[in-house]
Every structure is written in C-alpha cells, then in structure tokens.
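Trainee: I'm new to this one and would like to ask how you back up the words you use. Could you bring it up on the screen?

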Amino acid sequence: MFESARLPQKMDKKTFRKLEPELRQALLSAQLEIVEKQPFSTVILVDGLDGAGKGEAIARLYEWMDARHLICNAYGDPMEEARLRPRLWRYWRDLPAKGQTAVVFGSWYQKALRDRIFDKIDEQTFEHELARIRLFEEMLAHEGVLLLKFWFLLPREDQERRLKKIRKKRAARHVLADWATLKNHGKASEVGEKIILETSKGHAPWFVIPSQDPEFRDAALAQTLSGAMRLKLKDGENGSVAAPPVVGGLKRQSAVDAIDLTAKLDKDTYEKQRAKLQERLGDISDTKAFAKKGLVLVFQGNDAAGKGGAIRRVIRPLDPRIYQVHPISAPSDEEKARPYLWRFWRRVPRKGHAAIFDRSWYERVLVERVEGFAGHDDWLRAYNEINEFEEELAKFGYIICKFWLAISAEEQLRRFKAREETAYKQHKITDEDWRNRLKWDQYAIAAGDMIDRTSTHFAPWTLVSSEDKRHARIEVLKTICDRLEEEL
C-alpha cells in the first residue's frame with residue numbers, strides 16, 4: 001500500500017529554505033484563525049517506526065506554529081490512574097479545547113498494534129479493537145474535532161542506519177518502543193497497513209509521510225496539516241468519505257512514474273521463456289490444489305499498452321472450460337441501476353476457475369474519476385469498497401493478480417498511428433482513445449493514487465513495463481505462475 005512512499009522522495013536544502021517561509025505562513029495563519037474563531041479543535045496523531053523522525057518533525061511544527069496553542073501528549077504504558085479506568089479514558093481526558101491543537105504520541109492504536117505484532121491477540125480480536133477505534137474517531141468527528149493521522153514510513157535499511165546513529169548519540173537515555181524496533185520492521189509494516197486500511201476515513205484520514213529525507217518529511221507534514229486546517233475552516237463540516245492513505249503533501253514521484261520503461265527481451269529468449277511459462281501455467285491449472293481455489297486476473301494500463309496481447313498469452317495453455325475473459329466497458333442501464341460493484345460480483349468465478357478482466361472495477365478511480373463520470377465522494381469512497389471486495393475474495397480462497405501495463409506517451413502515439421494504418425487493427429482505436437490521450441498527466445496521477453491506495457498484501461499490484469511487448473508478456477506469465485505456486 002505504500003509504494004510511492006517507499007520511493008526516494010527528496011528535497012534539497014536550498015529548495016527547502018526557499019519553501020520554508022511559505023510553509024510557516026500557511027501553518028501559522030490557519031492556526032491563528034482557528035485560535036481566534038474557535039470553530040473546532042485539532043488532533044494530530046503521529047505513528048510509525050522508530051528512527052523515522054517523528055519527534056524531529058513535530059519539533060519543527062513547534063518552531064513554525066504558535067507554541068502557546070499547541071499541546072503535546074505522549075502516552076506509554078498506563079499508570080495506575082489509567083489502569084483503573086477504561087482504556088480510552090486518558091485520551092478523552094486530554095482532548096484539546098476548541099481553538100487548540102494537540103499532538104498525540106503513543107495513541108489509542110498502540111496496544112492493539114503491539115499485541116497483534118507479538119501475537120497476543122488473534123485476527124478477530126484485532127479487528128474488533130479496530131472497530132472500537134473507528135467508533136471513537138467517528139464520535140470525535142461528530143463533535144467537531146479535526147483528526148489527522150500520520151504514519152511515518154521508513155525503509156528497513158534506512159531505519160537500521162538511523163537507529164545506529166541514535167544509539168551512539170543517546171545510548172543510555174533512548175528507549176525504543178518494543179514493537180517499533182528493527183527486528184519487527186516487517187510485521188509492524190504489515191500490521192500498520194491493516195490498521196490504515198481499516199481505519200482511514202474521510203473524517204479521520206491517515207496520511208503516509210515518506211521519511212528518508214528530513215526536509216521532504218517536514219515539508220510534507222506541514223503542507224498536509226495546513227491544507228487540512230484551511231479546508232476545514234472553509235467547509236465547516238468534515239466529509240464522510242472513506243479513503244485509504246495517500247502520501248501527504250507536496251508533488252512526489254509515484255510508483256507509476258518510477259516504472260523502468262527500458263526493459264527489453266530479444267525474440268529467441270522470449271519464445272523459449274514463453275513456452276516454458278505457458279507449460280508451467282497449464283500444469284498448475286490442472287492440479288487438485290488449483291481446483292480448490294479461484295483465480296482473478298486484473299489488467300489495467302495505458303491505452304495501447306498491450307493488455308489484450310498479454311491476456312492471449314495467458315489463456316493459451318488453459319482449458320477453455322475453466323476461464324472467462326471479461327472485457328469491461330461503460331456500464332449498461334441495467335448495471336447503472338444497481339450498486340457499482342454489482343456487475344463484478346456477477347462475474348466472480350467458481351472455485352477451480354479463472355476470471356480475467358480486461359479493465360475492471362478500477363475504472364471508477366481512473367476513467368470515471370478523470371472524466372467526471374463519478375462524483376468526488378464516489379470515487380474516493382471506491383478505494384475502500386474495492387479493498388474490502390478484494391479482501392473478501394482473498395479470504396474465500398481466490399488468488400488475485402493485478403497488472404498495470406505502462407508505456408510512454410511517445411510509444412502510445414506510435415501504436416495509435418499503427419492501428420489507424422493497419423486494417424485489422426483499426427477497430428482497436430477510437431475517438432475516445434485520442435481524447436483520453438489529451439489527459440495523460442491526469443491519468444498518471446489517478447493511476448499513482450490507485451496503486452498506493454489498493455496495493456495490499458492480499459491483492460498486490462504488479463507494475464509492468466510494456467514498452468517492449470515481449471518483456472511485458474513474460475513478466476505477466478511469470479508473476480501468475482509464481483503467485484499460484486506460492487499460494488498453492
């Protein structure tokens with residue numbers, strides 16, 4: 001879920017110094033207006049792994065904002081006063097008044113997070129705890145609290161390097177939170193993803209803050225915070241739109257932007273690998289283990305990226321009786337008359353079969369978002385609905401492989417012209433394709449958001465360079481075979 005945040009988002013010191021006055025002014029003006037009008041209180045929850053610089057980022061906020069109206073509440077293990085009361089008591093006790101802003105370290109997520117990482121509670125109990133937290137946060141929102149939650153993300157190698165420096169500087173005084181240490185990095189990231197998926201709502205959103213670069217980290221936090229304050233001041237009420245995390249603040253490189261489009265494969269190598277992988281896929285689909293599962297393949301990507309060609313290579317070794325290819329276009333009147341996911345639920349395969357989607361439910365957050373066919377609330381809410389849909393499929397036993405096939409704008413133009421000039425390909429090119437091309441940048445942003453918000457451990461996205469079609473087809477076949485063998 002954190003693909004864009006894992007990329008090396010950076011800001012040089014010169015750029016940061018130039019941007020700093022603007023960031024300070026935006027933060028301070030929003031804060032002072034809130035102090036004067038007292039329309040709501042603000043709670044800033046900070047979480048993430050040790051070494052990500054949470055304390056440093058908040059210290060910078062204290063430099064930039066009016067510290068007289070900031071409160072910092074840090075929570076560790078409850079003292080006797082809190083142990084003799086319900087778990088949420090101490091958080092209720094410390095809520096800021098209207099006009100004030102409170103920063104929360106060690107929040108109401110900590111116990112559930114720690115207990116799940118160390119297997120002190122099972123998945124069902126963990127989900128029950130998250131449901132309780134959602135109700136608590138919803139209640140705060142109804143009472144006019146602006147609640148913003150930040151997850152500071154740091155790759156494992158960066159965390160290891162920073163923790164070594166911290167130990168040298170503050171060895172005796174620095175105490176690491178047990179769940180956030182280096183040895184628990186993988187499990188903490190997995191549980192953190194679950195928390196963010198389950199509890200990021202429009203009234204209590206999570207924002208992921210890439211923390212490899214301190215300047216980018218602090219600027220992203222400040223810009224996100226001032227923007228949210230200003231929006232709340234303008235609109236008054238929080239929306240009720242559920243949206244999983246986005247990278248907070250600033251223009252950044254997305255996972256789609258980072259795809260290496262130079263990958264190529266010569267024809268002889270391609271033919272050899274294709275034959276082996278197709279034989280491997282055919283053998284897997286004939287096993288008893290496969291008969292107890294279901295396979296869902298999703299193909300999205302730039303227009304003319306080669307989705308159809310990749311699908312044809314996938315289905316060639318499969319028994320036609322066990323798969324169905326579903327080309328998804330604009331919804332019919334019958335489909336428009338029902339909830340959005342209805343037409344996709346109808347296409348879910350039985351166990352032992354495969355459903356292959358040439359475009360899919362993701363059109364809501366791509367075409368419908370960019371072209372304005374879906375309202376802002378509708379496509380934002382769709383990320384949560386899609387994640388829940390895919391999780392339900394995964395829990396029932398379906399193996400989900402999702403592919404984003406990417407090409408450059410130049411290659412797309414070349415392929416569009418080739419289609420117009422080739423009689424048997426002319427049906428592939430439409431006026432709509434040319435119109436969509438004019439919004440290339442908007443589609444790139446939408447695709448990047450889609451990858452961030454819907455790539456999960458149970459239904460991950462595979463990003464494929466399709467500039468060379470042979471390379472793309474091999475990557476697709478290999479990914480499907482690897483996933484099937486891993487799951488089966």
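Mentor: Here we go, and remember that this is a predicted model. Let's start with what H11 packs against.

Trainee: Which helices do the buried residues of H11 pack against?

Mentor: They pack against helix H12 (288-291), helix H13 (307-315) and helix H21 (469-487). The buried residues in question are Tyr 270, Arg 274, Leu 277, Gln 278, Leu 281, Gly 282, Ile 284 and Ser 285.

Trainee: What puts them on the same side of H11?

Mentor: Look at the arc: they cover only 155° around the axis, so they sit on the same side of H11. On the other side you'll find Asp 268, Lys 272, Lys 276 and Glu 279, which are exposed.

Trainee: How do you know what span to expect for H11?

Mentor: The expected span is 1.5 Å times one less than the number of residues. H11 covers residues 267-285, which is 19 residues, and the expected value is 27 Å. From first C-alpha to last, H11 reaches 27 Å, close to that expectation.

Trainee: Why is Arg 483 called buried?

Mentor: Its relative accessible area is 12%. Buried means under 20%, so Arg 483 qualifies. Arg 483 is in helix H21. Leaving aside neighbours within four places in sequence, Arg 483 is in contact with Ile 399, Ile 400, Cys 401, Phe 458 and Pro 460.

Trainee: Then why is Pro 214 called partly exposed?

Mentor: Pro 214 has a relative accessible area of 31%. Buried is under 20% and exposed is over 50%, so 31% falls in between. Pro 214 lies in helix H10 (residues 214-235). With neighbours within four places in sequence left aside, Pro 214 is in contact with Arg 60 and Arg 162. The C-alpha atoms of Pro 214 and Ala 52 are 8.8 Å apart, though 162 residues separate them along the chain.

Trainee: Last one: what makes a space a cavity, and which residues line the largest?

Mentor: In a cavity, a 1.4 Å probe fits but cannot get out. The structure holds 4 cavities of 30 Å³ or more. The largest has about 70 Å³ of space, and its lining is Arg 87, Leu 88, Trp 108, Glu 129, Arg 132 and Ile 133.

Key: Residues are numbered from 1 along each chain as its sequence is written. This is a predicted model: local features need pLDDT of at least 70, side-chain atom pairs count only at pLDDT 80 or more; totals for chains, interfaces and linings use all residues. Side-chain values use heavy atoms; hydrogens and water are left out. Helices (H or I, at least four residues) and strands (E, at least two) are DSSP runs, numbered from the N terminus. Buried means under 20% relative accessible area, exposed over 50%, partly exposed in between (1.4 Å probe, protein chains only). The arc is that of the directions from the helix axis to the C-beta atoms. Contact means heavy atoms within 4.5 Å. On a 1 Å grid over the protein atoms alone, a cavity is a set of points where a 1.4 Å probe fits but cannot get out, and a pocket is an open set with protein on both sides within 12 Å along at least five of seven lines; lining residues have an atom within 4 Å of a point. Grid points are joined across faces, edges and corners, and a volume is the space filled by probe spheres set on the points.
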